[in-house]
Amino acid sequence: MGQHDQGNATAARDTCFRTMLEALPSPVLVIDRSDRIVDVNAAFCALCGNDRDYWLSTPNESYLSPEQLARFTAEHAQVFATGEDLETEEVVVGHDGTLRSVVTRRRRIECEGEPLVLTVLTDVTALRDAETRARYLAQHDPLTTLPNRTGLNEQLGALLASPSPSPVALLLIDLYQFKDINDAFGDCVGDALLRGFAYRLAGIAREPDRAARTGGDTFALLIDDCPDAAAAADACRQALALAEAPFASPAGAVTLGLSVGCAWAEPGVTAAELHRRAEFALYEAKQQPANAFCLFDAALAEEVHTRRTLKADLRAALAAGDQLDVHYQPVIDASGTRVVGVEALVRWHHPTRGLIPPASFIPIAEANGLIVPLGEWVLDRAAAMMARFPDIALAVNLSPIQLRSPDIDTHILAILTRHGMHPRQLQLEVTESAMLAVDALVETRLARLRAAGVQLVLDDFGTGYSSLAHLHKLAIDRVKIDQSFVRELGSSQDARAIIQAVLGIGQSLGIGVTAEGVEDETQQLFLRAFGCHEFQGYLFSRPLAARDAVTFLEARTERAAA
Ligand code: C2E
Ligand code: MG
Ligand code: MG
């Protein structure tokens with residue numbers, strides 16, 4: 001073949017290669033040793049704009065920044081030198097001026113003895129956008145658009161891992177009894193309130209992603225550079241102030257209450273630990289009325305820890321049965337000698353903590369439902385003991401949680417039957433707040449117990465809502481004046497007035513009245529002068545262990561009989 005023919009063949013092959021290059025759907029770019037673009041295809045021009053002539057004639061530095069240019073040169077030098085493929089991802093300006101994410105795969109090729117780099121580009125913008133969207137969705141709450149728990153953790157992790165971390169505060173904010181609002185007004189109103197609160201919360205966040213919705217009605221606020229606990233407390237007050245003004249909703253203006261738990265920590269604490277502390281604090285704040293905040297500290301940690309251990313211990317004690325005991329405190333009539341009743345009071349002899357007062361463990365038992373088996377255990381014990389004193393009333397405390405437990409009436413009556421005790425001998429002591437929450441179901445259970453002869457006693461009267469008007473409606477047989485009034489009898493005119501009022505109403509409604517916590521004779525004299533006929537208190541007897549109670553009761557019964 002002559003030189004001319006050879007030239008023709010090369011030209012023909014070039015045209016053929018060019019045709020193939022143009023036909024490729026992927027954008028392709030060819031670069032020579034001096035980083036000059038020697039070829040691009042139509043797909044490349046479609047992606048990056050301009051035509052082939054532009055790319056072949058325009059120097060790189062006119063469309064690449066100095067940094068891009070340096071990287072571009074270094075990467076090509078690497079491919080030329082090593083002959084190994086190189087894959088990178090870059091952002092380029094697309095033909096329409098938008099930013100495109102592009103994966104570039106570079107390979108060294110030889111073309112008629114000349115080394116070149118062939119670059120094939122893949123536009124991954126849609127993929128990256130989808131990934132970004134997925135990441136956004138995974139880290140944000142669609143209702144409020146705030147970061148969710150995952151998003152918050154990401155923020156928190158970044159803050160704690162920063163090279164110069166500062167003390168941080170994490171606030172967890174719970175909308176007080178939000179479930180009730182949701183139930184009362186419906187989800188639509190609930191959603192509007194959540195959005196309204198989220199908007200206000202985001203308004204006090206120092207940076208956009210520092211306010212989050214971490215649960216149904218729980219929000220969080222993350223504060224970096226919070227110098228001390230006092231500053232954290234200020235942040236809590238600021239958060240509480242968010243709900244001072246009512247929120248607009250489809251049902252009109254609604255006022256929300258908040259509970260805020262806060263953990264403040266020096267650098268070094270882990271995100272999980274900070275969360276745990278804030279949750280402790282929130283739990284504590286939620287035990288208080290609305291708009292309370294609680295800062296985590298070591299004492300709180302200890303308290304929460306104790307409560308948790310006690311819960312497990314109580315469960316075990318109930319299963320074993322040998323640490324729990326029932327004591328009996330006599331109730332005395334106006335003569336001051338005759339026993340008319342006893343109140344069963346549970347006692348817990350903890351193997352390592354010693355005697356734990358019921359005021360400390362009844363709330364724990366109530367919080368996890370253990371109160372139902374515990375209450376039945378107490379009644380069973382007390383009925384076994386008191387069945388042999390049929391003329392002496394047995395008073396047993398009944399927690400509101402027990403009232404809400406299905407079949408509680410059947411269980412109580414079955415226990416009495418088992419011990420041969422007539423329901424008339426039993427008095428169930430409930431508190432005022434328990435009686436206020438009575439619904440139709442509870443009412444049916446109470447009515448069944450009353451129909452069988454069980455008496456209902458309102459305990460600690462005066463400490464709750466003190467609605468005397470309720471007494472009649474609630475079909476109460478007796479009230480117990482709380483010991484706080486009896487204690488103040490000698491010193492407070494108000495206490496005397498309240499006691500007199502209760503006794504007066506009791507008389508006119510035919511409801512018996514017992515005074516609790518009678519500790520001295522002056523109190524007894526006052527009470528008797530006001531017309532009170534039943535007393536319970538240390539003046540007559542402390543709560544007694546079963547054996548001592550039997551001795552006490554037998555002596556009194558004998559004395560009364562003699
Ligand atoms: P409560 O039903 O009002 O019981 C009276 C409490 O006052 C008892 O405390 C009793 O020991 C105490 N007390 C009696 N007389 C005096 C006195 O003269 N002075 C003083 N300062 N205190 C007196 P306790 O036994 O510690 O029980 C506390 C509370 O725990 C009870 O208050 C009751 O609400 C609850 N509780 C006790 N046992 C049970 C139970 O078996 N079930 C339920 N649900 N609650 C119980
Ligand atoms: Mg009681
Ligand atoms: Mg009481």
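I take a helix axis as a line fitted to C-alpha atoms over the stretch in contact. I note at the start that this model is predicted.

**Entry 1: two helices**

I looked up helix H11 (residues 298–320) and helix H12 (residues 358–367). Their axes come within 10 Å and cross at roughly 75 degrees. Angles of 65 to 115 degrees count as roughly perpendicular, so H11 is roughly perpendicular to H12. Which residues make the contact? H11 brings Arg307, Leu310, Lys311 and Leu314. H12 brings Phe361, Ile364 and Ala365. I sorted these residues by type and got five nonpolar, no polar and two charged.

**Entry 2: salt bridges**

Side chains of opposite charge can pair when their charged atoms come close. I searched the whole structure and found 33 salt bridges.

I picked Arg71 and Glu75. Their closest N and O atoms are 3.3 Å apart. Both sit in helix H4 (residues 66–82), four residues apart, so about one helical turn separates them. Are they buried or exposed? Arg71 is partly exposed at 38% relative accessibility, and Glu75 is buried at 11%.

Next I checked Asp224 and Arg210, with closest N and O atoms 3.5 Å apart. This pair links distant parts of the chain, 14 residues apart. Asp224 lies in the loop between strand E8 and helix H9, and Arg210 in the loop between helix H8 and strand E7. Asp224 is buried at 18% relative accessible area. Arg210 is buried at 8%.

Then I took Asp380 and Arg418, which meet at 2.7 Å, N to O. Asp380 is in helix H13 and Arg418 in helix H15, 38 residues apart. Asp380 is partly exposed at 24%, while Arg418 is exposed at 56%.

Last, I noted a network of salt bridges linking Arg18, Glu22, Asp39 and Arg52.

Technical notes:
Residues numbered from 1 in each chain as written. Chains lettered and ligands numbered in written order. Predicted model: local features only at pLDDT ≥ 70, side-chain atom pairs only at ≥ 80, totals over all residues. Heavy atoms only, no water. Axes fitted to C-alpha atoms, helices over the stretch in contact; angles between N-to-C directions. Parallel < 35°, antiparallel > 145°, perpendicular 65-115°, else oblique. Contact = heavy atoms within 4.5 Å. Nonpolar A, V, L, I, M, F, W, Y, C, P; charged D, E, K, R; others polar. Salt bridge = Lys/Arg side-chain N within 4 Å of Asp/Glu carboxyl O. Buried < 20%, exposed > 50% of the residue type's maximum accessible area, 1.4 Å probe, protein only.
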